[in-house]
Amino acid sequence: MIITPSPDNVFFKAEQDAAAAQAKKLGYETLVLSHDDDPTKQSQEIDTAISRKAAAIILDNAGADASVTAIQRAKDASIPTFLIDREINKTGVAVAQIVSNNAQGAGLGGTEFAKLMGNKGEYAELTGKPTDTNAGVRSQGYHGVLDQYPDLKMVAQQSANWDQAEALQKTQTILQAHPNIKGIIAGNDTMALGAWAAVQAAKKDIIVTGFDGSPDVVASILKNGIKATVLQPASKISEMAVDQADAYIKAGGKTDQPEKQSVDCVLVNPDNAKSVSNFAVAS
């Protein structure tokens, strides 16, 4: 069973598609569900996996704390869970937690943003859902770079909960309160797209960067809109989870991989945007 947030977000759709394709290739039937970031819905879907005696669950979870109990229930029912994209705040419950190296990726994103800003000026940050570990890790990674430049001044920091419409609205408010802003760094591409829409509507020349490597943002970079993003290898991570689930099942519940695994991200800017497709950079 494959469970992710809503496939309305192309990142999660890429996860679903890659995991389902790999599972089918290995001879499994798949059921693909979405929890829409609702822990209660996720809990019901994990109960469905238990009642159907799923061979394994591939899960992009609905909250670092809120997901632990349901994953433990699956474990107690001898159904292994392989987490992708987001970690939970407990080890020993899931077999694997395979995520993008968000700290490394945010370091790349922060470095590129500082360079685009010329290491000076006012900027704003849009952060993700406070319940999602990735939101905090990315923000810390950004600030690990940006706080080293005394002439870079963050004048606003708001959560837009990974949401495009909310990012548009929050950016409009930020632009009114801080008319001298030169840049906006967003914790994901969906929020970057919302921020960019607000910047365009305000007819301002403001640098916007994101994080994910989504097709819409890559297209914007190629049109000299959004300036950069950090690509998370969503498809690769999903395929790794399925391969490891297959190996675990065939080995009778044994794994030779560590639980926590991270996959490095790649900076995408005008230099390499042409070679990006479906959350992967062609070599």
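Predicted model: local features only at pLDDT ≥ 70, side-chain atom pairs only at ≥ 80, totals over all residues.
Residues are numbered from 1 along each chain as its sequence is written, and side-chain values use heavy atoms, without hydrogens or water. Local features need pLDDT of at least 70 and side-chain atom pairs 80 or more, while totals for chains, interfaces and linings use all residues.

**Largest pocket.** Select Asn 9, Phe 12, Trp 162, Asn 188 and Thr 190, the closest to the centre among the 27 lining residues (those with an atom within 4 Å of a point of the pocket). The space here is about 460 Å³. Next, colour α1 (10-25), α5 (133-146) and α7 (189-201); each supplies at least two residues of the lining. By class, the lining holds seven nonpolar, nine polar and 11 charged residues.

**Second largest pocket.** Move to Met 1, Glu 29, Thr 30, Ala 55 and Ala 56, which lie nearest the centre of a pocket lined by 16 residues. About 320 Å³ of space lies in this pocket. Helix α9 (residues 234-250) gives the most to its lining, with four residues. The lining comprises 12 nonpolar, one polar and three charged residues.

**Helices α1 and α9.** In contact (heavy atoms within 4.5 Å) are residues including Phe 11, Ala 14 and Glu 15 of α1 and Ala 234, Ser 235 and Val 242 of α9. The residues of this contact divide into seven nonpolar, three polar and three charged.

Note on methods:
1 Å grid on protein atoms, 1.4 Å probe; cavity = no way out; pocket = protein on both sides within 12 Å on 5 of 7 lines; lining within 4 Å. Points joined across faces, edges and corners; volume = space filled by probe spheres on them. Nonpolar A, V, L, I, M, F, W, Y, C, P; charged D, E, K, R; others polar.
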